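Please read it alongside the coordinates.

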Amino acid sequence: MDRAFENALDLWKPWLWMSPSAGHDWLPFFLKLTVFLAEQSKQPNDWHSRKWRHLYFRNPVGIAGGLDKTGQSIDAWWSLGAGFVEVGTVTPLPQQPNPGKIIDRFKETQALWNKMGFPSPGYKAVCVEIEKNFEERSTPIFLNIGKNRTTPNERAHEDYLFLMKQMYSVCDVFVVNISSPNTAGLRQLFTKDYFEPLMEKLGNESRRVNRPLLLKISPDESNEQLETILTTSHNQGVDGYIISNTTIQRPTASPYPADGGVSGKPLSISSMETLKNVISMLGTHRNNKLIINAGGISTGEDVRERMALGADLCQLYSSLIFRGPFIFKKIAREYQNSI
Ligand SMILES: Cc1cc2nc3c(=O)[nH]c(=O)nc-3n(C[C@H](O)[C@H](O)[C@H](O)COP(=O)(O)O)c2cc1C
């Protein structure tokens with residue numbers, strides 16, 4: 001029954017008939033529609049399960065930051081078969097998206113382009129959404145935190161600390177996002193003057209509230225910058241990395257707008273390169289750090305490849321748009337068939 005619906009939905013993919021931004025807005029509706037059918041499925045959602053610290057991941061494929069910015073669909077992701085959920089990016093105060101066009105989709109290259117800039121209802125509304133599911137939640141919840149665009153970099157640490165203090169009780173892990181290309185000047189927080197003091201403060205707070213801290217990395221850093229980022233964050237006790245955010249690099253004769261970030265298939269190579277570099281640069285310092293890879297992951301084969309490179313877990317965003325909400329089930333089957 002669910003496979004018949006899955007096949008029909010594959011042929012039709014109604015959200016791809018809508019404009020990219022309307023498709024994005026209607027996503028929660030499509031999720032609700034498919035959840036019931038996914039729940040009837042006898043296909044197990046536990047495969048390649050693992051524990052990290054006290055957290056249990058029933059499978060290694062989660063949703064990446066930005067797909068559920070408010071936490072409104074946590075239950076739906078779980079029912080559809082995700083192994084874990086990342087909520088956010090959430091900002092302290094509510095804020096609108098950047099002006100103008102903020103998302104586009106490129107079917108031929110299986111890519112998304114976005115320039116959203118952390119649209120968020122603010123931390124209070126996100127706490128309410130997550131708390132609605134709090135008792136029943138069975139998925140590890142990662143919370144991706146960002147600063148408001150009006151907060152100057154000199155005071156950025158205040159936004160991140162505020163979010164950690166206010167929101168630790170509704171999440172299992174924090175993800176620090178200073179790698180988005182869509183908030184002016186945000187990536188400067190990786191530079192020497194800001195980065196070490198920021199990591200020191202956030203590292204201390206993560207230990208105080210007893211929530212691991214992951215750093216989301218850009219695929220656009222030079223090897224030298226990456227080495228500095230890893231050394232500094234390791235020294236300040238960061239617990240892991242998400243590799244990577246969207247890229248500002250463009251291929252020659254690029255169909256994508258010049259500003260904003262590109263994700264999906266065209267990000268695969270630089271995301272995997274950054275993953276390899278992070279693992280080799282960390283060397284023995286990797287210890288029990290959690291390494292998550294995102295960037296063009298779409299099939300069970302992709303998951304297998306990223307894990308073979310050393311990733312503990314994987315995340316996806318763009319491929320869900322192209323393959324639909326049954327993607328977690330499809331990946332599980334593909335992964336098992338590729339053994
Ligand atoms: C429309 C869109 C919005 C995004 N918003 C966020 C965000 O708010 N926070 C974040 O850390 N990453 C955000 N990302 C980046 C994704 O989390 C992910 O790192 C990136 O898209 C690579 O994965 P993918 O190739 O599977 O899409 C966004 C990506 C897209 C396409």
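1. Cysteine separation. The closest cysteine sulfur to that of Cys127 belongs to Cys171 and lies 9.0 Å away, which is too far for a bond. A disulfide is taken here as a pair of cysteine sulfur atoms within 2.5 Å, and by this rule the count is zero. Cys127 counts as buried at 11% relative accessibility, and Cys314 is buried as well, at 0%. Buried denotes under 20% relative accessible area, exposed over 50% and partly exposed in between, with a 1.4 Å probe and protein chains only.

2. Basis of the values. The model is predicted: local features need pLDDT of at least 70 and side-chain atom pairs count only at pLDDT 80 or more, while totals for chains, interfaces and linings use all residues. Residues are numbered from 1 along each chain as its sequence is written, and side-chain values use heavy atoms, with hydrogens and water left out.

3. Barrel. Eight strands form a closed barrel in the order S3-S4-S7-S8-S9-S10-S12-S13, with parallel pairing. Neighbouring strands of this sheet are turned against each other by 25° on average, direction ignored. Strands (E, at least two residues) and helices (H or I, at least four) are DSSP runs numbered from the N terminus; two strands pair if DSSP finds at least two bridges between them.

4. Strands S9 and S10. Parallel strands S9 (residues 213–217) and S10 (residues 240–243) are joined by four bridges. Leu214 has Gly240 as its bridge partner in S10. Helix H8 (residues 223–235) lies across S9 and S10, at about 170° to S9. Axes are lines fitted to C-alpha atoms, for helices over the stretch in contact, and angles run from 0 to 180 degrees between N-to-C directions.

5. Largest pocket. Its volume is about 330 Å³. Among the 20 lining residues, those closest to the centre are His24, Asp25, Leu67, Lys69 and Gln72. Helix H2 (20–25), helix H3 (27–40) and strand S3 (61–68) each contribute at least two lining residues. A pocket is an open set of points on a 1 Å grid over the protein atoms alone, where a 1.4 Å probe fits, with protein on both sides within 12 Å along at least five of seven lines; lining residues have an atom within 4 Å of a point. The volume is the space filled by probe spheres set on the points, which are joined across faces, edges and corners.

6. Arg306. This residue of helix H10 (residues 300–308) is buried, with a relative accessible area of 1%.

Methods:
Contact = heavy atoms within 4.5 Å.
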